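Here is a short briefing on one protein model. Please look over the sequence and structure first.

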Amino acid sequence: MNDASAKIYCPDLTCQTPNPEVNRFCEKCRSPLLKRYLRAVGENLTAYKPGNFLVSLQKGQQDRYLVKRQRIVLDTRPGQSSEDVLEDIPPAVEPYLKLVAHRLHVPQVYDVVPVGKDGDIVLLEQAAIETASNGSVDLLPALTSQWSQANAIRQLNWLWQIAQLWLPLSRERVASSLTEPQILRVEGSLVRLLELIPDSRSRSTSTLAQLGQLWMQWVPTAAQPELRQFLSQLCQELISGQTKSSEQLLAQLDGAL
C-alpha cells in the first residue's frame, strides 16, 4: 500500500467513514479524527516498510496499524478496541504497567499485536513522538542534541528528572533506559523516554556508576563554569561509588538547583 493513500476511519462507531490522513474532521459526520502515532517495540521490525500494515494473528487487525517510518505506526482505526483480551501479560509489558504513575516520562502500552513466531509487537503511546505542521512524523529530539543549547537551570532540571526516575526504573529492572542516550528524549523542559530497555538486554543491572559515566560526557558543554565544576565532581562521586543512592544524588542536584 502507498503511504500517501493512508486512510483513517472515523472513530464514531456509527459512522466509520474512511478519511484521508491529512483531514482533521470526518468528511461525513464532522467528528474529530484521532491520530494515534505509536512506537512499535519488538523483533524483526525492519521487515516492515513504510506503507506496510503490521501482520497480526488477530482477526480484523491486518489493515489497522500502518507503518509510517521505522518503529512508528499509525492506528488507522482508532475507534476500534482490540478484539482479544490478553490471557497472560507479556513480560515486556509488565514494566510499563507498573510504571504508570510515571507516565509523564514513560510511554504507556496502547496495544499488543501478536505476529506469530516473532512474538508480540508492543505498541506504545506518549512515546516521545511529535508531528510537524506539514503532517510528517518524527521522534522528539534526543537530550544529547539539545544539551549544549540549554541553560544551566534546564540542564540541571533534566538531570534531576533522570535521577528521580532511577529508583522506580531500577525496581522494574529497566534502569538501562536512563543510560542509553538514544532513549532519552526531551520536549522542552520535560524528559521523555522513547521506550523501556530491560537491564537483561545489557547483561547486567545498571548502576549509578554507569549513569555517572554517561553524564561525564556532557560536562564539557555544561552551560556555566560553576555547573561544569559541580557536574564533574558529581560524576566522579557516582563513578567511584561515593554517591551510593538516588536519594543522595537527588539531594545533591536539589542543592545545585
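Predicted model: local features only at pLDDT ≥ 70, side-chain atom pairs only at ≥ 80, totals over all residues.

Residues are numbered from 1 along each chain as its sequence is written, and side-chain values use heavy atoms, with hydrogens and water left out.

**Strand β5 and its partners**
- Strands are DSSP runs (E, at least two residues), numbered from the N terminus.
- Two strands pair if DSSP finds at least two bridges between them.
- Strand β3 (residues 36–41) runs antiparallel to β5, and four bridges join them.
- Tyr37 has Leu74 in β5 as its bridge partner.
- Strand β4 (residues 65–69) is also antiparallel to β5, again with four bridges.
- Tyr65 has Asp75 in β5 as its bridge partner.
- β4 and β5 form a hairpin with two residues between them. Arg71, in the turn, has a positive phi of about 70°.

**Burial of β5**
- Buried means under 20% relative accessible area, with a 1.4 Å probe and protein chains only.
- Strand β5 (residues 72–75) is covered on both faces. Ile72 and Leu74 are buried on one side, Val73 and Asp75 on the other.

**Cysteines**
- The whole structure contains zero disulfides (pairs of cysteine sulfur atoms within 2.5 Å).
- Cys10 is in no disulfide; its nearest cysteine sulfur, that of Cys29, is 3.5 Å away. Cys10 is buried, at 0% relative accessible area.
- Cys26 is in no disulfide either; the nearest cysteine sulfur, that of Cys15, lies 3.7 Å away. Cys26 counts as buried, at 0% relative accessibility.

Technical notes
Buried < 20%, exposed > 50% of the residue type's maximum accessible area, 1.4 Å probe, protein only.
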